[in-house]
Amino acid sequence: QVQLVESGGGSVQAGGSLRLSCAASGYSYSRYCMGWFRQAPGKEREGVAAMHTGGGSTYYADSVKGRFTISQDNANNTLYLQMNSLKPEDTAMYYCAADGFGCAVGSWYLSSWYKYWGQGTQVTVSS
């Protein structure tokens, strides 16, 4: 059974940093496209960043390029999202997602691309 468990959310002031973690289990971690999504109240879920756990390109939404970094620890089946220079508009519930197909430029940001989801972790950035 695939399980994704996010942690690391919290409340910070604008300009601050947080690191989100996603602990994965129940599947062959090294063969999945894994992504981070976020959803603010009243808004659609949007792709933030993604990478293939077997290596290769990383993908970022324009709104977070240069501020967020996606990375992984294959030894511990954990995906990370380092978030720097946080802004109030980054406030959202952040979700980890995984799928057995590879990441692609035209699909990594689509929530429908991913089969497995975590429960989310809240990030709140105050001005």
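Me: How many disulfides does the count come to here?
Reply: The count comes to two disulfides, and please keep in mind that this is a predicted model.

Me: OK, which cysteine is joined to Cys22?
Reply: Cys22 forms a disulfide with Cys96, with 2.1 Å between their sulfur atoms, and this link is left-handed, at -75 degrees about the S-S bond. Because Cys22 sits in strand S3 and Cys96 in strand S9 (residues 92-99), the pair ties together parts that are 74 residues apart in sequence.

Me: And is Cys22 buried or exposed?
Reply: Cys22 counts as buried, since its relative accessibility is 0%, and Cys96 counts as buried at 0% as well.

Me: What does Cys33 pair with?
Reply: Cys33 is joined by a disulfide to Cys103, at 2.0 Å from S to S, and the link is right-handed, with 105 degrees about the S-S bond. Cys33 lies in strand S4 (residues 33-39), while Cys103 lies in the loop between S9 and strand S10 (116-117), so this pair ties together parts that are 70 residues apart in sequence.

Me: Switching to the sheet, what's the strand order?
Reply: The open sheet is formed by four strands in the order S1-S3-S8-S7, with antiparallel pairing. Strand S1 (3-7) and strand S7 (68-73) are the edge strands, each pairing on one side only.

Me: How many bridges are there between S3 and S8?
Reply: Strand S3 (residues 18-25) and strand S8 (residues 78-83) pair over six bridges in the antiparallel sense, and Arg19 has Gln82 in S8 as its bridge partner.

Conventions:
Residues numbered from 1 in each chain as written. Predicted model: local features only at pLDDT ≥ 70, side-chain atom pairs only at ≥ 80, totals over all residues. Heavy atoms only, no water. Pairing = 2+ DSSP bridges. Helix = DSSP H or I, 4+ residues; strand = E, 2+ residues; numbered from the N terminus. Disulfide = S-S within 2.5 Å. Buried < 20%, exposed > 50% of the residue type's maximum accessible area, 1.4 Å probe, protein only.
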